[in-house]
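Welcome, and thanks for taking a look at this one. Here is a short briefing to read alongside the structure.

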Amino acid sequence: MYNDILLFNCTIAHALINCHKNTLTEEEAVRLLEPIPGRDYRYIISENYQNIYYTAAENEIIDIAVQNIQNLPLNQQACAYYVLFQSCMIKRPFNLFHRNNLNLRTNFTSAKFGNKVTWEQSFKDLFVKFTRELNEFQPDEDCNYTISNQSALNCQLRADLVYIDTPYFSKANKGTITYHNRYHFLEGLMHYGDIIPAINFNKVNREINIGCNREFEQRGTYLDELESLIRIHQDSIIALSYTTEGYPDVETIRNIIARYKPNTQVYSLGKHSFALNRHNAERCEVLILGR
Ligand SMILES: C[S@@+](CC[C@H](N)C(=O)[O-])C[C@H]1O[C@@H](n2cnc3c(N)ncnc32)[C@H](O)[C@@H]1O
């Protein structure tokens with residue numbers, strides 16, 4: 001079972017765990033980039049996101065690909081969204097959508113800088129690459145794992161073991177960027193026809209207000225929300241991913257789980273810095289296990 005509040009993540013999960021290999025072939029994926037003759041297309045991204053995240057030619061490809069994907073059967077749709085989302089993310093500086101920094105990409109001229117090469121790969125090449133990767137990873141047969149698109153505190157699913165990986169706050173950076181700020185554009189693409197009334201034109205990155213949520217996203221309420229979540233699943237084994245650079249610290253999180261699970265231990269999974277972020281060099285990933 002999988003649960004996430006953002007539909008685009010649930011769609012990625014569906015493609016990865018429920019769809020069999022070659023649900024979408026490389027040829028089928030590449031065809032999604034071309035308009036179907038005789039069909040009328042809308043150009044919502046082209047018309048509302050000039051010079052924000054992608055070039056004009058790329059915006060047009062995104063408009064066409066999304067509308068072609070909407071016509072596919074459900075499992076193929078999930079695979080195609082997966083491929084589109086990976087391609088959209090890899091073309092973005094820092095893989096995110098919280099800033100309108102297309103210029104960082106287009107003004108960067110050094111051919112030696114690896115990201116420049118990645119950013120400028122064509123959607124066609126990226127679609128081939130990510131479809132191939134997906135087909136290598138997927139199971140041989142379709143599966144029917146439950147995918148749920150709920151706030152974690154409303155999710156009714158129960159399991160023997162519950163793996164929790166909430167958003168993190170950084171100890172060092174007091175910013176308030178939420179998951180929604182970072183990935184709103186992909187959530188918007190899942191709701192293509194609803195994008196225009198949801199665009200926040202007061203924000204320079206034209207954030208799309210679909211799927212916003214404050215739960216687990218505010219320092220002041222995080223611990224209470226985490227405790228509520230642990231309480232809901234107190235009869236299950238709890239496995240929670242965390243980081244030594246997170247706020248609150250690992251010991252505080254461990255103590256909350258220990259209130260409900262007498263045998264609670266922290267396992268270090270070693271250093272795990274984020275790419276492009278040297279300040280995180282000492283960051284260790286931990287797994288807190290409550291039994
Ligand atoms: C640190 S990420 C988890 C990443 C995931 N474990 C993986 O490896 O891809 C946190 C996830 O929590 C989701 N999320 C944020 N608030 C949530 C909420 N209230 N209920 C359910 N999911 C939420 C975000 O959409 C995001 O996918």
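**Backbone and packing briefing**

Let's begin in a loop: Asn95 sits between H5 and helix H6 (102-106). Please keep in mind that this is a predicted model.

- Most residues other than glycine have a negative phi, and most peptide bonds are trans.
- Asn95 has a positive phi, near 65 degrees, though it is a residue other than glycine.
- Asn51 is not a glycine either, yet its phi is positive at about 60 degrees.
- You will find Asn51 in the loop between H3 and H4.
- The relative accessibility of Asn51 is 63%, so this residue counts as exposed, the cut-off being over 50%.
- A cis peptide bond links Tyr247 to Pro248, with omega near 0 degrees.
- Pro248 belongs to the loop that runs between strand E6 (246-247) and helix H12 (250-258).

**Helix H8**

- H8 covers residues 123-137, which makes 15 residues. From first C-alpha to last, H8 reaches 21 Å, close to the 21 Å expected at 1.5 Å a residue.
- Its buried residues are Phe123, Leu126, Phe127, Phe130, Thr131, Leu134 and Asn135.
- The elements covering the buried residues of H8 include helix H1 (7-17), helix H2 (26-31), helix H4 (56-69) and helix H5 (74-90).

**Helix H9**

- H9 spans residues 179-190, and its end C-alpha atoms are 16 Å apart, in agreement with the 16 Å that its 12 residues should span at 1.5 Å a residue.
- Because 10 of the 12 residues of H9 are buried, this helix is largely enclosed by the rest of the structure.
- The buried residues of H9 are His180, Asn181, Tyr183, His184, Phe185, Leu186, Glu187, Gly188, Leu189 and Met190.
- Packing against these buried residues of H9 are H1, helix H3 (44-48), H4, H5 and helix H10 (195-198).

- Leu161, Tyr163 and Ile237 make a nonpolar surface patch of about 290 Å².
- One of them, Tyr163, lies in strand E3, which runs over residues 161-164.

Conventions. Residues numbered from 1 in each chain as written. Predicted model: local features only at pLDDT ≥ 70, side-chain atom pairs only at ≥ 80, totals over all residues. Heavy atoms only, no water. Helix = DSSP H or I, 4+ residues; strand = E, 2+ residues; numbered from the N terminus. Expected span 1.5 Å × (residues − 1). Buried < 20%, exposed > 50% of the residue type's maximum accessible area, 1.4 Å probe, protein only. Contact = heavy atoms within 4.5 Å. Patch = residues over 30% accessible without salt bridge, like charges linked within 9 Å, V, L, I, M, F, W, Y side chains within 5 Å. Areas by Shrake-Rupley, 256 points an atom, 1.4 Å probe, with all protein chains shown as cover. Salt bridge = Lys/Arg side-chain N within 4 Å of Asp/Glu carboxyl O.
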